[in-house]
Amino acid sequence: MESILQNISEYRLLNNLIPGGFFVGVLSWAAGWASSDVNFIFIIAISYVAGVILSRLGSLIVEPVAKKAFKVEFAPYTDYCQAEKRYPKLTIMNTENNIYRTFVAMGACLLLGAPLIGLLGMGNGNALCVLVLMATLFIIVFMIAYIKRTQHIVYRVQDELVTPKAKKAKK
């Protein structure tokens, strides 16, 4: 188990396991599933896979929606790579941004899962109401954070590409 955790990068841990674990936990709670009978390793594996799926949904659906609906623009990849060499914190900022995007996807999936849980007769009305409110809050808060962080990353990329002479001239 220890060697498996050592081989999982920090990015994958943060972007897959945490959102996936939260998703599986909230969904289990809302549906009234008891997790005490399930193996811990199985829960970790399911959480990780759920996180991978949520991350991909964020990349394939949330990002294009943000681009079209909120006019979010990204820095060109070559510019980003050049700026990242000069300003390594861009890597951390981009990782956090991807986590925000994954949380938006998680909120959307939880919002879509609530009616399904209700139709299947699982959970109770109070849990489903809390699930809908929580999912909506996740979508709103993390979409705003995603948009704001993306704008900041674009600004930092553009700022890092300005030559040192031009920076001095600005001052």
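This briefing describes salt bridges in the structure above. The model is predicted: local features need pLDDT of at least 70, side-chain atom pairs count only at pLDDT 80 or more, and totals for chains, interfaces and linings use all residues. Residues are numbered from 1 along each chain as its sequence is written, and side-chain values use heavy atoms, with hydrogens and water left out. The count comes to five salt bridges, each being a side-chain nitrogen of Lys or Arg within 4 Å of a carboxyl oxygen of Asp or Glu.

**Pairs involving Glu 63**

- Glu 63 forms a salt bridge with Lys 67, at 3.9 Å from N to O.
- Lys 67 and Glu 63 are four residues apart in helix H3 (residues 40-69), which means that about one helical turn separates them; helices are DSSP runs of H or I, at least four residues, numbered from the N terminus.
- Glu 63 is also paired with Arg 101 in a salt bridge, with the closest N and O atoms 2.8 Å apart.
- Because Arg 101 lies in helix H5 (residues 89-119) and Glu 63 in helix H3, this pair ties together parts that are 38 residues apart in sequence.

**Accessibility of these residues**

- Glu 63 is buried at 18% relative accessibility, where buried means under 20% relative accessible area, exposed over 50% and partly exposed in between (1.4 Å probe, protein chains only).
- Arg 101 is buried as well, at 6%, whereas Lys 67 is partly exposed at 41%.

**Pair in helix H6**

- Glu 160 and Arg 156 form a salt bridge at 2.8 Å, N to O.
- Glu 160 and Arg 156 lie four residues apart in helix H6 (residues 125-161), so about one helical turn separates them.
- Both Glu 160 and Arg 156 are buried.

Methods: Helices (H or I, at least four residues) and strands (E, at least two) are DSSP runs, numbered from the N terminus.
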